[in-house]
Amino acid sequence: MSRVSFDVAIVGGSFAGLAVARGLAQTFGSDIRIAVIDRAMPAMEHADDGRAFALWGGTQKILDGLGIWDSVAGDAETVTSIEITDLKLTDAFRPALVTYDAHTDDGAPAAYIVPADLLANALYRSVASDPAVTWFAPAEIESARWDEAAGEITLNDGTIIAAALTIAADGRQSKLREKAGIKTIGWPYPQTGIVARVKFELPHGGVAIQHFLPGGPFAILPLKGNRACITWSADKKEAARVIGLDDESFLQELDQRIGGRFGAISLDGPRRSWPLDLRLPRRLISPRFALVGDAAHGVHPIAGQGVNLALRDAAALIEILADAGRIGLDFGNGTHLEKYQRWRRFDSTMSASLYDGLNRAFAIDSMVLRAGRGAALGVLDRIPSLKNLIIAEAAGITGDLPKLARGVTV
Ligand SMILES: Cc1cc2nc3c(=O)[nH]c(=O)nc-3n(C[C@H](O)[C@H](O)[C@H](O)COP(=O)(O)OP(=O)(O)OC[C@H]3O[C@@H](n4cnc5c(N)ncnc54)[C@H](O)[C@@H]3O)c2cc1C
């Protein structure tokens, strides 16, 4: 049995965990020792699961500040406009109810679409050979304990990892959160998320489309090479039927939803499905312990914000730990962790409630509600200042932002 000491132990080497590791290694260089623990084998090539992320402007700045953006920029499709509709599939004419010019007030693109595996690989490469980072993977956590004085994680091979601060970045089902005694509230959605990458015959022109169908939202996220990622939340029974279809019938279903707008469609990768739920912890911290990413907020993918929230958590925590470390404070210092919780809690709770509400509001297929939604969206479409405000909000460039999200070095 061996015992090793670190300044920070990060459990979960995915988007949130790797971003924190990268930011801390970049800030402190050889003055910090970071352990990254993951139950999966770290690999240079993360598997392509067909997912693509809408990365909003504030997130692009964070990735740029972490020195990651240049490695993904070549594969990032710039979103030129965003169209929202809730019209029926049987409607012969399906105009968009709201069309956003996807640029912020300063003319910068509001969002980019990036394949998930490319982002994961870029983050992994940024820390893979950093001497400040020690990997423990594949490794399961046997037990863990924290108090005001110290924190310790025991792995299944008997290794004990002592750290001034433990960061749980182990996803929405976080085991570590449970071990820290942090309770959650939430519920499963009666929906399944279906993801497929497709290639279009006609140019998509960078338009992102959100079509609210009664079973759940159907999103078309444009990708480089005239491809797109379809992210489709359907009610469980309908999703099981769609997932069971052969490729040709699946493409026909997509074609019906896309309405022939981009010509012939072909599959360009695996199709996958995920159960969807909402999960919010009651606290983001406990002694010598902090939650980031999906462990801190499992939200509905309706607005494509999960990774964006995760990277905002990472940016806030990096900044707080950088400030603490520079004046020689212990990374597990409770005052700093309280600051992190105050800072990030509002954003994650508001976002989770908003996406939950949107999903419910659009899932109801009543003629009266559709007319009401149509009228509201129609009014919104004619108020440019309100549309600009909504784009700025979605882009994560408003509010009390971490320095990295504002393009400022930590
Ligand atoms: C269908 C779908 C579409 C989505 N689309 C978007 C989108 O367009 N835009 C967007 O921003 N977000 C989107 N998301 C959300 C996004 O995938 C998540 O927000 C993101 O993956 C969260 O990253 P994370 O690092 O917090 O956690 P995860 O990516 O879940 O990573 C958790 C890590 O922890 C490790 N781990 C888990 N348990 C343990 C353990 N016990 N011990 C050690 N290691 C452990 C795992 O191996 C993994 O590496 C989507 C999600 C789904 C399901």
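What share of the contacts between residues at least 6 apart in sequence join residues at least 24 apart? In this predicted model, the share is 77%. The protein has 410 residues, and 48% of them count as buried. Its secondary structure comes to eleven helices and 18 strands.

**The ligand shell**

The ligand is surrounded by 32 residues. Gly 12, Ser 14, Gly 171, Gly 293 and Gly 306 are the closest. By type, the shell divides into 14 nonpolar, twelve polar and six charged residues.

Four elements each supply at least two shell residues: helix H1 (15-28), strand E3 (52-56), strand E12 (184-200) and helix H8 (306-326). H8 gives the most, with four residues.

Two domains take part. Domain 1 covers 3-44 + 121-186 + 279-405, and domain 2 covers 77-114 + 189-277. Both give residues to the shell, so the ligand lies between them.

**Helix H2 and its cover**

Helix H2 spans residues 57-65. Eight of its nine residues are buried, so the helix is largely enclosed by the rest of the structure. The buried residues are Gly 57, Gly 58, Thr 59, Gln 60, Lys 61, Ile 62, Leu 63 and Gly 65. Their cover includes E3, helix H3 (69-73), strand E7 (111-115) and H8. E3 and H8 also feature in the ligand shell, each with at least two residues. Just after H2, Gly 67 takes a positive phi of about 75°.

**The three-stranded sheet**

E3 and E7 belong to an open sheet of three strands, in the order E3-E7-E4, with antiparallel pairing. E3 and strand E4 (77-78) stand at the edges. Each has a single partner strand, so one side of each is left without a neighbour in the sheet. Two bridges join E4 to E7. Within that pairing, Thr 78 has Tyr 112 of E7 as its bridge partner. Helix H4 (residues 116-128) packs on the sheet and touches E3 and E7. The direction of H4 makes about 85° with that of E7.

**Strand E15 and its partners**

Strand E15 (residues 227-235) is mostly covered, with eight of its nine residues buried. E12, which also supplies residues to the ligand shell, runs antiparallel to E15. Strand E14 (residues 216-223) also pairs with E15 in the antiparallel sense. In general, strands of a sheet pair through backbone hydrogen bonds, either parallel or antiparallel.

| Strand pair | Bridges |
|---|---|
| E4 and E7 | Two bridges |
| E12 and E15 | Nine bridges |
| E14 and E15 | Six bridges |

Val 195 has Thr 231 of E15 as its bridge partner. Leu 221 stands opposite Cys 229 in E15. E14 and E15 form a hairpin with three residues between them. In that turn, Gly 225 has a positive phi of about 75°.

**A closer look at Ala 139**

Ala 139 sits in the loop between strand E8 (133-136) and strand E9 (141-146). Is Ala 139 buried or exposed? Ala 139 has 21 C-beta neighbours inside 10 Å, so it counts as buried; the cut-off is 20 or more. Leaving out residues up to four places away in sequence, Ala 139 touches Ile 37, Arg 39, Leu 155, Asn 156 and Asp 157. Asp 157 is 18 residues away in sequence from Ala 139. In space, the two are 7.8 Å apart, C-alpha to C-alpha.

Technical notes. Residues numbered from 1 in each chain as written. Predicted model: local features only at pLDDT ≥ 70, side-chain atom pairs only at ≥ 80, totals over all residues. Near = placed C-beta within 6 Å. Nonpolar A, V, L, I, M, F, W, Y, C, P; charged D, E, K, R; others polar. Domains from an automatic or database assignment. Buried ≥ 20, exposed ≤ 12 C-beta atoms within 10 Å, placed from the backbone. Contact = placed C-beta atoms within 7 Å. Pairing = 2+ DSSP bridges. Axes fitted to C-alpha atoms, helices over the stretch in contact; angles between N-to-C directions.
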